[in-house]
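Here are my notes on the model, as numbered points. Please read them with the structure open.

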Amino acid sequence: MGGRRIPWFLILPVLLLGVWHLAVEQRWVTEGIIPAPAQVLESWRRWIFGAPTKSLSPYSGTWVANVLYSGRRVLEGFALAALVAIPLGIFVGWNRLVARLVDPSIQLLRPVPITAWLPFAIAVFGIYDASALFLIGLGSFYPIVVNTSHGVRDTNLLLLRAARMLGAGERTVLLKVVLPSALPSIFTGLRLGVGVAWTAVIVAEMIAVKSGLGYVLWDAYYVGRMDICVATMFSVGLLGFVSDQIILRASQVVLRWRTLERHA
Amino acid sequence: MPEPARRPATAPVAELRGVFKEFSGRSGRLVALEGIDLRIEPKEFAAVLGPSGCGKSTLLNMVAGFDRPTRGEVLFRGQPVSRPDPRRSVVFQEAALFPWFNVLDNITFGPKTCGVAAADYGPRVEALLEQVGLRGFERHYPAELSGGMKQRVGIARVLVMEPELLLMDEPFGSLDAQTRSVMQELLLSVWERHHQAVLFITHDVEEALLLADTVCVMTARPGRIKKRLSVDLPRPRPLEATTSPRFNELKREVLGLIREESLRAASDEPR
């Protein structure tokens, strides 16, 4: 009861920051390689709010632009994946013939890591946005399609019978029963998918395109700006968290009937 | 036994002729139903009474069109049953409401799906909400309702379709005793008003005798109809009917049949 007033979630991060700070200050780590938390914060601040200059500090003031580059790629790739994966997942889960036709190929291709697709993507799409979109779309496609088809397959038989005895045809059953029943799984797939999308965008930008947070990360590493590298890691973490929260909140609005069920 | 040659003027709503149902399981073939002959006349409230696993739900599923017989015929209005149809709608044991629709949307699912105009079903829905006691709960979601309330919705969404045959698969089986008798009373009052034919599956002797015009007592696996009894208790039947001498006489007869059956089953049991 009293535990509610203590911000428990802050304890571990503060502790980790403290250890990090101490490790740099006490020279437990090699000097000049790992920046102190305060230094990262300062670099991050200048990266966001600093005036853009070309000469001395190439990162100053470029954060928003790079976040927008990466964010747009994630959004486009993820939307593309969802647009293909949700309908396909529904058909795979619903129709045994479609499942037999498509499912084995999906399961065979799924274990191929996104990183392994990189050379292929560059060879086919070149060092352009298309490469990044391909990798992001492919990466988030799998969790969405797999979860969607599982959700569809798990539809309660009794609800299908109920709909049919009330006169529902195949179309109505799919739209009014199967789809809402699979929505919780679909949202799980979307949340996993957006996580993969952020992984894929960083990988793609590190190698296949020349802008965005992944590009900054790799570039900063090359010129020895570990402070920027760490600030990029925090940025990606934050963006991933925010996009997950957006999907979570959307699911809570759409699945209001389900939150009622849990409280019952 | 009804002779096909001397068919009564009114055709039965539903008819099962020599129905067998077998399932192939791990331990070979399982005969669920054996030689079922059953007629349900218009306005008849027919109960099928039997122990669990006697195939009585399978029987209902075949009339509903969810399942097909291995042999024999299931007819509705003289036509073979091939698929589910709102004219033969089902009240399930678990109310099987759509959890993402509120009470009103659950009840209007059928008419909307079948393209009935809102002006047509609107007054029917209003009347039903009143009859089954759901007034004020229209915007509630199934998760917010008790078992009894859910089953009221289950009954209303089926009655709004004005079915010719109401199929009820142990609809009150998972309710507590008090709620169950409230629901039995409710069903009787609603049925007195609509008077459609009913096929009611139950394992509760008192429930069958209180509600039905005829009770078919089934045997344990393989399921056969052991005896068909007429329940000649006057209607409308209040709950107090269960204490009348005639009720007890009928109950004694049914219990005797069931006891006979369980003794036979016990002696047949190989293990």
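1. Start with a loop residue. B:Ala96 sits in the loop that runs between S6 and H2 of chain B. Its phi is positive, about 55°, although B:Ala96 is not a glycine. B:Ala96 has 24 other C-beta atoms within 10 Å, so it counts as buried, the cut-off being 20 or more. Bear in mind that this is a predicted model.

2. B:Arg77 belongs to the loop between strand S4 (71–76) and S5 of chain B. Is B:Arg77 buried or partly exposed? The count of other C-beta atoms within 10 Å is 14, so B:Arg77 is partly exposed.

3. There is a cis peptide bond to look at. It runs from B:Arg235 to B:Pro236, and its omega is near -5°. B:Pro236 is placed in the loop between strand S10 (225–230) and H7 of chain B.

4. Next, the overall build of chain B. It holds 7 helices and 10 strands. A compact globule of 271 residues would have a radius of gyration near 18 Å; chain B comes out at 19 Å, which agrees. Along the principal axes, its C-alpha atoms fill a box of roughly 55 × 45 × 40 Å. Buried residues make up 42% of the 271 in chain B. Now take the contacts in chain B with a separation of 6 or more: 71% of them come from residues 24 or more positions apart.

5. Helix H1 (residues 56–64) of chain B is worth a look. How many of its 9 residues are buried? The count is 9 of the 9, so the helix is largely enclosed by the rest of the structure. Among the buried residues of H1(B) are B:Lys56, B:Ser57, B:Thr58 and B:Asn61, along with B:Leu59, B:Leu60 and B:Met62. After H1(B) comes B:Gly65, with a positive phi near 95°.

6. Now the sheet. In chain B, 4 strands make an open sheet, ordered S2-S1-S4-S5, with antiparallel pairing. Which strands are at the edges? They are S2 and strand S5 (79–80) of chain B, and each pairs on one side only.

7. The S1–S2 pair can be described in detail. Strand S1 (residues 14–25) and strand S2 (residues 28–40) of chain B are antiparallel and share 9 bridges. A hairpin of 2 residues connects S1(B) to S2(B). B:Gly25 has B:Gly28 as its bridge partner in S2(B). B:Val19 is bridged to B:Ile36 in S2(B).

8. On to the interface. Here 21 residues of chain B are in contact with 16 residues of chain A. On the side of chain B that touches chain A, strand S6 (88–91) and helix H2 (103–113) of chain B each supply at least two residues. Which element gives the most to that side? It is H2(B), with 3 residues. By type, the residues on this side of chain B divide into 15 nonpolar, 3 polar and 3 charged. If you want a size for the interface, note that it is often given as the accessible area lost when the parts come together.

9. A:Val173 is part of helix H8 (residues 170–207) of chain A. With 18 other C-beta atoms within 10 Å, A:Val173 is partly exposed. Leaving aside residues up to four places away in sequence, A:Val173 touches A:Leu160, A:Ala163, A:Arg164, A:Ala168 and A:Val178. A:Val173 and A:Arg256 lie 83 residues apart in sequence, and their C-alpha atoms are 21 Å apart in space.

10. Last, B:Arg246. Its place is in helix H7 (residues 245–268) of chain B. There are 13 other C-beta atoms within 10 Å, and B:Arg246 is partly exposed. Between the C-alpha atoms of B:Arg246 and B:Gly122 the separation is 42 Å, and the two residues are 124 apart along the chain.

Terms used. Residues numbered from 1 in each chain as written. Chains lettered and ligands numbered in written order. Predicted model: local features only at pLDDT ≥ 70, side-chain atom pairs only at ≥ 80, totals over all residues. Rg over C-alpha atoms; globule rule 2.2 N^0.38 Å. Buried ≥ 20, exposed ≤ 12 C-beta atoms within 10 Å, placed from the backbone. Contact = placed C-beta atoms within 7 Å. Nonpolar A, V, L, I, M, F, W, Y, C, P; charged D, E, K, R; others polar. Pairing = 2+ DSSP bridges.
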